[in-house]
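Morning, everyone. Please bring up the sequence and the model on your screens. I'll walk through it briefly.

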Amino acid sequence: MGYAYGLLAAAIAAEVAGTTAMKYSEGFTRLWPSIGTAVGYLIAFTLLAQTLKTLSVGTAYAIWAGVGTAAVALIGILFMGESSSLVKIVGVGLIVVGVVVLNLGGAH
């Protein structure tokens, strides 16, 4: 099962990279960021599909979506000049807490 979580981590990294590239694609008008977006998502979905052979879909998707969302929000704040506020930080924290709670619920 540890292998599945490693694949899931790689899927999250690829999705975050693809989403970050999408920001720089300027609506898919810039070639290389657009290609980066497509490649990132292709890798992300391929790896996510592999994790679903072992992990339950609810657990895998919750981790993938939650961690990816929190990571992209933090990248936006830290590297792209997006505004930060206590409410945003609390929101990111709640996403992380939600993913942890789902995992504590166990996979059946």
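Let me start with a question: where is Glu26 found? Glu26 sits in the loop between helix 1 and helix 2 (31-51). Helices here are DSSP runs of H or I with at least four residues, strands are E runs of at least two, and both are numbered from the N terminus.

Before going on, a word on the source. This is a predicted model, where local features need pLDDT of at least 70, side-chain atom pairs count only at pLDDT 80 or more, and totals for chains, interfaces and linings use all residues. Residues are numbered from 1 along each chain as its sequence is written, and side-chain values use heavy atoms, with hydrogens and water left out.

Now the overall picture. The protein has four helices and zero strands. Read from the N terminus, the order is α-α-α-α. The C-alpha trace spans about 45 × 35 × 15 Å along its principal axes. Of the 108 residues, 31% are buried. Buried means under 20% relative accessible area, exposed means over 50%, and partly exposed is in between, with a 1.4 Å probe and protein chains only. The accessible surface comes to about 6500 Å². Carbon and sulfur atoms hold 74% of that surface. Areas come from the Shrake-Rupley method with a 1.4 Å probe, and for residues only the protein chains shown count as cover.

Next, contacts. Contact means heavy atoms within 4.5 Å. Take the contacts between residues at least 6 apart in sequence: 64% of them join residues at least 24 apart.

Glu26 has a positive phi of about 50°, although it is not a glycine. Glu26 counts as exposed because its relative accessibility is 53%. Phe28 lies in the loop between helix 1 and helix 2 too. Phe28 has a positive phi of about 60°, and it is not a glycine either. At 52% relative accessibility, Phe28 counts as exposed. And Ser25, buried or exposed? Ser25 is buried, because its relative accessible area is 1%. Ser25 is also in the loop between helix 1 and helix 2. Leaving aside neighbours within four places in sequence, Ser25 is in contact with Arg30, Pro33 and Ser34.

One residue from helix 1 as well: Ala14. At 10% relative accessibility, Ala14 counts as buried. Ala14 touches Gly40, Ile43 and Ala44, not counting residues up to four places away in sequence. For scale, Ala14 and Lys53 are 39 residues apart in sequence and 19 Å apart in space, C-alpha to C-alpha.

Now the helix packing. Two packed helices are described by the angle between their axes and the distance between the axes. Axes are lines fitted to C-alpha atoms, for helices over the stretch in contact, and angles run from 0 to 180 degrees between N-to-C directions. Under 35 degrees counts as roughly parallel, over 145 as roughly antiparallel, 65 to 115 as roughly perpendicular, and the rest as oblique.

First pair on my list. The axes of helix 1 (residues 2-24) and helix 3 (residues 57-79) come within 9 Å and cross at roughly 40°. So helix 1 is oblique to helix 3. The crossing is right-handed. Left-handed means the near helix is turned anticlockwise from the far one by less than a right angle, and right-handed means clockwise. Helix 1 brings residues including Tyr5, Leu8 and Glu15 to this contact, and helix 3 brings residues including Ile63, Trp64 and Val67. The contact residues divide into twelve nonpolar, four polar and one charged. Ala, Val, Leu, Ile, Met, Phe, Trp, Tyr, Cys and Pro count as nonpolar, Asp, Glu, Lys and Arg as charged, and the others, Gly among them, as polar.

Next, helix 3 and helix 4 (residues 86-104). They pack at about 160°, with axes 9 Å apart. That makes helix 3 roughly antiparallel to helix 4. Their crossing is left-handed. Among the residues in contact are Ala62, Gly66 and Ala70 of helix 3 and Ile89, Val92 and Val96 of helix 4.

To finish, helix 2 and helix 3. Their axes come within 10 Å and cross at roughly 150°. So helix 2 is roughly antiparallel to helix 3. The crossing is right-handed. Ala44, Phe45, Leu48 and Thr51 in helix 2 meet Ala60, Tyr61 and Trp64 in helix 3. Here the residues divide into six nonpolar, one polar and no charged.
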